[in-house]
Amino acid sequence: MSSLSPERLRAWRLYFESALALVDVLDAELARDAGMPLRWYDALVHLEETPEGLRMNELAERILYSKSGFTRVVDRMEEAGLVRRVRPDNDRRSILIVLTGTGRDAMEKARRHHRNAIEQHFSHHPTEADIQALTRALEKVSPHVRALRPGRIRT
């Protein structure tokens with residue numbers, strides 16, 4: 001039997017339900033309003049932060065979504081003109097995934113919709129004090145669970 005208090009179990013359940021529902025809502029709205037799923041947005045954010053590109057395995061390690069089927073995701077993003085595969089001159093065995101100009105433009109559009117949705121569905125509801133308390137709590141949980149998540153960045 002669990003030693004968790006009813007209040008801790010309630011907090012967990014509310015967090016879990018809210019987080020999963022929010023991801024579903026943000027994914028659906030981003031697809032509708034910006035023409036890309038949240039999984040693409042996640043990958044494009046990392047590519048935007050690394051203009052020289054990332055190797056496929058590096059990109060897969062950074063994304064928050066599952067790596068399952070990630071090669072097909074990149075294939076579809078390339079077909080849409082958002083990314084391209086580039087073979088570096090200094091390492092002919094590697095292939096980098098690089099954000100294109102079209103991808104950068106798509107990111108700008110998606111970012112506006114995504115941030116508006118975050119405001120509407122998340123940050124509009126708690127008070128500033130609630131946000132500060134939630135941030136402090138998640139800063140304690142995040143490093144612990146990220147370190148345990150296989151195949152992901154540990155920082």
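Mentor: A salt bridge here is a side-chain nitrogen of Lys or Arg within 4 Å of a carboxyl oxygen of Asp or Glu. Please note that this is a predicted model, in which local features need pLDDT of at least 70 and side-chain atom pairs count only at pLDDT 80 or more, while totals for chains, interfaces and linings use all residues. Residues are numbered from 1 along each chain as its sequence is written, and side-chain values use heavy atoms, with hydrogens and water left out.

Trainee: How many salt bridges does a search of the whole structure find?

Mentor: The search finds 7 salt bridges. One of them joins the side chains of Arg32 and Asp33, at 2.7 Å from N to O.

Trainee: Is Arg32 buried or exposed?

Mentor: Arg32 is exposed, because its relative accessible area is 59%. The cut-offs are under 20% for buried and over 50% for exposed, with partly exposed in between (1.4 Å probe, protein chains only). Asp33, at 27%, is therefore partly exposed.

Trainee: What about Glu7 and Arg10, where do they lie?

Mentor: Both lie in helix 1, 3 residues apart, which is about one turn of the helix. Helices (H or I, at least four residues) and strands (E, at least two) are DSSP runs, numbered from the N terminus. The side chains of Glu7 and Arg10 form a salt bridge of 3.7 Å, N to O. Glu7 has 51% relative accessibility and so counts as exposed; Arg10 is likewise exposed, at 51%.

Trainee: And which residue does Arg85 meet in a salt bridge?

Mentor: Arg85 meets Glu78, with 2.4 Å from N to O. Arg85 counts as partly exposed because its relative accessibility is 29%, and Glu78 is partly exposed at 29%.

Trainee: Changing topic: what is the overall fold pattern along the sequence?

Mentor: The pattern reads α-α-β-α-α-β-β-α-α, from 6 helices and 3 strands. The C-alpha atoms fill a box of roughly 60 × 35 × 25 Å along the principal axes.

Trainee: In which order do the strands of the sheet come?

Mentor: The order in this open sheet of 3 strands is 1-3-2, with antiparallel pairing. Strand 1 (54-55) and strand 2 (83-86) are the edge strands, each pairing on one side only. Two strands pair if DSSP finds at least two bridges between them, and strand 1 is joined to strand 3 (residues 96-99) by 2 bridges. Arg55 stands opposite Leu96 in strand 3.

Trainee: Which helix lies across strand 2 and strand 3?

Mentor: Helix 4 (residues 70-79) does, running at about 110° to strand 2. Axes are lines fitted to C-alpha atoms, for helices over the stretch in contact, and angles run from 0 to 180 degrees between N-to-C directions. Contact means heavy atoms within 4.5 Å.

Trainee: Where is Met107, and what does it touch?

Mentor: Met107 lies in helix 5. Not counting residues up to four places away in sequence, Met107 touches Tyr41, Leu44, Val45 and Glu48. Met107 counts as buried because its relative accessibility is 0%.

Trainee: And His114, is it buried or exposed?

Mentor: His114 is buried, with a relative accessible area of 11%. His114 is also found in helix 5 (residues 101-123). Leaving aside neighbours within four places in sequence, the contacts of His114 are Leu26, Leu30, Leu38 and Tyr41.

Trainee: What about Thr100? Where does it lie?

Mentor: Thr100 lies in the loop between strand 3 and helix 5. Thr100 is buried at 14% relative accessibility.

Trainee: Finally, the surface: which residues form the nonpolar patch?

Mentor: Trp12, Tyr15, Phe16, Leu20, Phe122, Leu134, Leu138, Val141 and Val145 form it, with about 780 Å² of accessible area together. Helix 1 (6-34) and helix 6 (128-148) are the elements that give two or more residues to the patch. Patches are made of residues with over 30% relative accessible area and no salt bridge; like charges are joined within 9 Å, nonpolar side chains (Val, Leu, Ile, Met, Phe, Trp, Tyr) within 5 Å. Accessible areas come from the Shrake-Rupley method with a 1.4 Å probe; for residues, only the protein chains shown count as cover.
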